Amino acid sequence: MQEKPILELEHISKRFPGVQALTDARMDVRAGEVHALLGENGAGKSTLIKIISGVHKPDTGDLRMDGQRVVFNNPREAQAKGVATIYQELSLYPELTVAENIFMGHAPRGLLGSVDWRAMRRRAEEILLSLNITDLGVDDKIGTLTVGKRQRVEIAKALSFNARILIMDEPTAALTEADVQRLFGIVRLLRERGVGIVYISHRLEEVFTLADRVTVLRDGHYVDTKAVREVTSEQLISMMVGRTIDNLFPKLPAQIGEPVLEVRNLWRKPLCKGVNLTLRAGEIVGLAGLVGSGRSEFAQTVFGFTPAQSGDILINGKRLDIRNPGEAMRHGIAYVPEDRGTQGLIRQMRLRENVSLAVLRSVSHSGFIDNRAEHELADKSIGSLQIRAFSGEQVVNKLSGGNQQKVVVAKWLAAKPKILIMDEPTRGVDVGAKAEIHRLISELAQQGIGVLMISSELPEVLGMSDRIVVMREGEIVAEFSREEASQEKVVAAMMRDAHSAVSAQGAAT
Amino acid sequence: MTTTTHTTDDSQEQMSSRIRSFLLRQEVILLIISLLAVMFLAFGSDRFLTTDNLLNQGRLLTEIGLVALSMTFIIITGGIDLSVGSILGLCAIILGVMWDPNGAFALPLEVAVVICLLVGTLAGFVNGLIIVRLGVPPLITTLATLALYRGLAEGISQARSVRGYPEEFYVLGQGEFLGVPTQLWVLLIFCILTAVILSRTIFGRAIYAIGNNELGARFSGVPVGRYKIMIYTFSGFMAAMAAWIFVSRVSTTRSDMGSGLELDAIAAVVLGGTSIFGGSGSIIGTIIGFILIQLLKNGLALSGVTTDGTIVVIGTVLILAILINNFIQRRSGNG
């Protein structure tokens, strides 16, 4: 097992204006291992992998490949040395085909330097086949593919560079369970072929299923590297946060009252087909389903973003016509959207301006914004949600993912909602921030707010919800009480017709 | 934890970075460039830096200034309005034709002015409706209405000009109030009004939010469509105001009035630091922008530079200002 590492990093430090992102960090990657990189958001994982992949240059410290010191001035140089990176935001061109994407920038050339299309298609097919990927046509347009398939194209693209080191930044964040299994199969295949894989994930269970070793970072410092077999998840969590978290899901008991939101036979094609749902005061309802099952579409219809075509929405028993988000807000509905970057935040603007955006009326007099009231609101939000920021004047873009998410939540709490719809409230958020958001949701329910929580993480749904509702293809297909719900039952309801697919994937792994 | 030492370090760092970022603000840099230009131009001609000349320049920049103010709102939302010059022409013609004592309408001048303002506002409203309700990009919409409104103006005017307005009509464009050209007071009022609206109100904040992330603004309950229609309507109104002042200043009405005005207005806005991609900018910047352009035009002319040469200089200044701005943005935004 003590083979020589392909890649070594030593004494790496990196400073950005205002932040010491990394201090004396180190890591090494061996051939044929999956090396997990763990840490809370803002711990320095992203900076570290950007140094490996040539996006950033370290202020101090060495990178060595096969014992030789190397300097990457840009990602291209890193690629040339066999370092490939798959980022959270996939970087494919939706209008081009699979083959064109795989060979973007280094297409095989024919005579006179023109692109050799046949060679390109053939080699793309070879690469896909070598990864046991048979359900992708090299002529498919990327725009028509699911997220899972696009990611497989990314991996194929990385391999087209003969990658020896493959960095995967939260590859499962947006994937369905079936796609996660396929991804694991591919990762194992690559490991057998001697590729060194750096794997970043917020899901500890993935680390235990997949990784051989794990390196933990905290606040930009190196904590430790361990063999996965020798650690427990409790140990890893306490290494990451520097304290022990007893219970990740501190669901507190709440008084459940009258229905605050009743939805009857709500239609909005194509993905909201006759939905019925009741949400009571103080209740947390978990809305489970695969990606694309219509959960967000349903929520956005209730919120008036895509107004309903037919059906009734009753708030406190009164039938209302909600035609835009402004009206939904006036009736006490808040919606924390799924994608904080494009929907939840105006990232180029300040924290203060983001927190107040949905409630500008409450911090203004006859149309004029009251600066003092707005500052107070921002400071209050920073304090009550423990947002790590200099002040309300900080631009949201510069906050870590978890803190950005807290800003979105703060923004909607400022609206003092009676009905809070949260779409993936903890996606891409570190363990500490996650626990805080969960506690917050619990407390809100205790205060009598009805919470509808959309989540793709089953432990979160099972741990937080009083009731679990499952959507599939735009319809509600199952409902479980907290007591009767189990991971198996919910998953079965989520993908009742997807059994064949699951067993096929089993064979692939 | 060493939180306390961190905080003092950070706040000091923040303080000095705040001073630095103030000095590096586009408006401040532009102001410095303007002052340098004034000094330079003053050497070129004795007549440049005189009160009379400067006040007279104020008369000339009012029309562009008014339109640039509303253009700032539009460009901050990431849009553009190319039709303002044509709206100006259309409104000027409407004013003349409605009033013309020998024409078909022969309305009182006051009524003609009101109709002129209404037509401009309606023209802007139509732009807004097409952009918001039909989803046609602002560039295409206003490029089309640029042709449409100019065509209407020419059709209505039948190549005739209207002149011979009563004496009191010229007060706005040629008169003075407290020793300052009348229209400069109008411009000043609108400068203050728009600056306050943009920087202090809910509406202004929403305009920035729309420009930075329209989807995010909609998810926050901002009535994006209504606000956009409002700013294009306002743009039409401002073009009509400019038309009124223009006619009063030059004592005549022609259908080709205001052609090319949109480019001067856009140049002033962009020179003033408003990003053409939307999301940032200020009225102060725009004000400095249109003053600088007018001073350059005038100063160079007085120094004996030809009109063609002046245009070349203004183009060069515009490109330089944008390069400097980009350079600063890249340095300060590098985080």
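Which residue stands opposite Trp267(A) in E14(A)? Please start there and then show me what lies around that pair.

Author: This is a predicted model, so treat what follows as a reading of a prediction. The residue opposite Trp267(A) is Ser310(A), in E14(A).

Start with the two strands concerned. E11(A) covers residues 259-268. E14(A) covers residues 310-315. Five bridges join E11(A) to E14(A), and the two run antiparallel. The pair you asked about, Trp267(A) and Ser310(A), stands in this pairing.

Now look at the other partner of E11(A). Seven bridges join E11(A) to E12(A). Again the strands run antiparallel. Here Glu262(A) stands opposite Thr278(A) in E12(A).

Go back to E14(A) and cross to E15(A). Ile313(A) faces its opposite number, Leu320(A), in E15(A). E14(A) and E15(A) form a hairpin with two residues between the strands. In that hairpin, look for Asn316(A). Its phi is positive, near 50 degrees.

The four strands make an open sheet in the order E12-E11-E14-E15, in chain A, with antiparallel pairing.

Chain A has 18 helices and 22 strands. Its radius of gyration is 24 Å, close to the 23 Å that the globule rule gives for 509 residues, so chain A is as compact as a globular protein of that length. The C-alpha atoms of chain A fill a box of roughly 70 × 50 × 50 Å along the principal axes. Of the 509 residues in chain A, 48% are buried. Take the contacts in chain A with a separation of 6 or more: residues 24 or more positions apart account for 68% of them.

Chain B has 14 helices and four strands. Its radius of gyration is 22 Å, close to the 20 Å that the globule rule gives for 335 residues, so chain B is also as compact as a globular protein of its length. Along the principal axes, the C-alpha trace of chain B spans about 85 × 55 × 35 Å. Buried residues make up 47% of its 335 residues. For contacts in chain B with a separation of 6 or more, the share from residues 24 or more positions apart is 77%.

Last, see where the chains meet. The contact takes 26 residues from chain A and 22 residues from chain B. On the chain B side, the elements that give two or more residues are H1 (3-23), H9 (202-212) and H10 (214-219). H9(B) gives the largest share, six residues. By class, this side of chain B has eight nonpolar, nine polar and five charged residues.

To finish, return to your pair. Find Trp267(A), then Ser310(A) opposite in E14(A). From there, follow the sheet in its order, E12-E11-E14-E15.

Methods
Residues are numbered from 1 along each chain as its sequence is written. Chains are lettered from A and ligands numbered from 1 in the order in which they are written. This is a predicted model: local features need pLDDT of at least 70, side-chain atom pairs count only at pLDDT 80 or more; totals for chains, interfaces and linings use all residues. Two residues are in contact if their C-beta atoms, placed from the backbone, lie within 7 Å. Ala, Val, Leu, Ile, Met, Phe, Trp, Tyr, Cys and Pro count as nonpolar, Asp, Glu, Lys and Arg as charged, and the others, Gly among them, as polar. Two strands pair if DSSP finds at least two bridges between them. The radius of gyration is taken over C-alpha atoms; the globule rule is 2.2 Å times the number of residues to the power 0.38. A residue is buried if 20 or more other C-beta atoms lie within 10 Å of its own, exposed if 12 or fewer, and partly exposed in between; C-beta atoms are placed from the backbone.
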